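Subject: A structure to look through

Dear colleague,

Please find below the structure I promised to pass on to you, with its sequence.

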Amino acid sequence: MSTYKVEITGIDTNKLKVLKNEETIELFKKYRNGDMRAKDEIVNGNLKLVLSILKKFNNQKYNLDDLFQVGVIGLIKAVENFDLSYNLQLSTYACPLILGEVKRYIRDNTTIRVSRSIKELAYKIIMYKDEYEKKYGISPSNDLIAKELKINEYQIDYALDSLKEPMSIFEPIYNDGGDTIYLFDQIADKKDFNTDRDMVISLRRALNNIKQREKDVLTARYIFGKTQTELAQEYNISQAQVSRIEKNAIDNVRKLIR
């Protein structure tokens with residue numbers, strides 16, 4: 001069974017060739033010497049990188065054929081700009097570029113009209129992130145972006161959120177095998193203010209009674225919108241450790257609220 005369960009029209013994704021690192025290096029040497037067929041082989045031998053990125057969008061309302069074409073453009077750009085002296089595998093260098101192209105396409109085709117100033121700020125953030133990822137192979141933290149662009153972290157989240165695809169209130173957000181919870185189930189009812197206020201009070205008490213590290217992780221993840229990867233870099237721990245801290249924090253908060 002294929003690892004990449006992404007349906008692309010006209011392509012049998014199970015039969016896509018995957019180049020070994022040694023093969024990629026030899027082909028790059030030929031390509032740098034002017035062999036354009038070697039470039040085509042590199043691109044065709046790394047199409048599963050594009051599919052691996054598209055898995056993130058597989059259950060969303062996007063045309064995967066279109067996203068695949070856009071992702072291939074990102075792969076081609078990566079091949080054209082890759083240098084063997086980076087001492088990186090092509091996949092490490094290419095994945096952020098492919099994802100960047102796909103996200104850019106989705107943002108540019110959003111149905112929500114966003115004010116020009118906010119959109120310009122969002123694109124400045126995206127351009128800085130892309131340039132940083134190309135140079136260092138990792139994504140910059142929100143703190144670094146804020147310092148570089150002389151803005152605060154809230155402005156980063158606000159600008160990027162303004163370009164996200166809108167979600168239907170009938171979007172399912174949780175299903176444990178029983179009744180499905182939809183987005184509209186979680187929208188606050190203004191007429192039931194006391195219940196909301198009690199929940200906020202309970203949540204504050206719970207947050208004040210869990211470990212400081214757990215509280216910091218929840219705040220960073222759900223207030224400032226940082227990724228687990230960014231937090232792993234900040235705390236100098238693995239992403240898996242951040243994930244465990246976040247899970248434990250949520251479990252502890254739920255127990256305290258109950």
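**Around F57 and the cores**

Leaving out residues up to four places away in sequence, F57 touches Y62, L64, L67, L99, V102, K103 and I106, where touching, or contact, means heavy atoms within 4.5 Å. Please keep in mind that this is a predicted model, in which local features need pLDDT of at least 70 and side-chain atom pairs count only at pLDDT 80 or more, while totals for chains, interfaces and linings use all residues. Residues are numbered from 1 along each chain as its sequence is written, and side-chain values use heavy atoms, with hydrogens and water left out.

F57 is also one of the residues with the most contacts inside the largest nonpolar core, together with L67, L75 and V79, and that core has 32 residues. A nonpolar core is here a set of buried Ala, Val, Leu, Ile, Met, Phe, Trp, Tyr and Cys residues joined through side-chain atoms within 4.5 Å; buried means under 20% relative accessible area, exposed over 50%, and partly exposed in between, with a 1.4 Å probe and protein chains only. At least two residues of this core come from each of helix 1 (21-32), helix 2 (36-44), helix 3 (47-54), helix 4 (64-81) and helix 5 (90-108), and the largest share, eight residues, is supplied by helix 5. There is also a second, separate core of 14 residues, and L121, I125, I145 and A159 are among them. As general background, nonpolar side chains tend to be buried together in soluble globular proteins.

**The chain as a whole**

The protein chain holds twelve helices and two strands, which are DSSP runs numbered from the N terminus (helices are H or I with at least four residues, strands are E with at least two). Read from the N terminus on, the elements run α-α-α-α-α-α-α-α-β-β-α-α-α-α. Of the 258 residues in the protein chain, 34% are buried.

**Aromatic rings**

How many aromatic pairs does the count come to? The count is six, under a rule by which rings of Phe, Tyr and Trp (its six-membered ring) pair if their centres lie within 6.5 Å, with planes under 30 degrees apart counted as stacked, over 60 as edge-to-face and the rest as tilted. One of these is the tilted pair of F82 and Y93, with 5.5 Å centre to centre and 55° between the planes. This pair links distant parts of the chain, since F82 is in the loop between helix 4 and helix 5 and Y93 is in helix 5, eleven residues apart. F82 counts as buried because its relative accessibility is 3%, and Y93 is likewise buried, with a relative accessible area of 5%. Ring pairs also link F28, Y31, F82 and Y93 into a cluster.

The rings of Y132 and Y136 have centres 4.6 Å apart and planes at 45°, so this pair is tilted. Both residues lie in helix 6 (residues 116-136), four residues apart, which is about one turn of the helix. Y132 is buried at 18% relative accessible area, whereas Y136 counts as partly exposed at 48%.

**Two loop residues**

Most residues other than glycine have a negative phi. K150, however, has a phi near 60°, a positive value in a residue other than glycine, and K150 is found in the loop between helix 7 (142-149) and helix 8 (153-161). With a relative accessible area of 74%, K150 is exposed. Phi of N236 is near 60° as well, again a positive value, and N236 has its place in the loop between helix 11 (228-235) and helix 12. N236 counts as exposed, at 72% relative accessibility.

R254 is found in helix 12 and is partly exposed, with a relative accessible area of 49%. Although R254 and S202 are 52 residues apart along the chain, their C-alpha atoms are separated by 10.0 Å.

With best wishes
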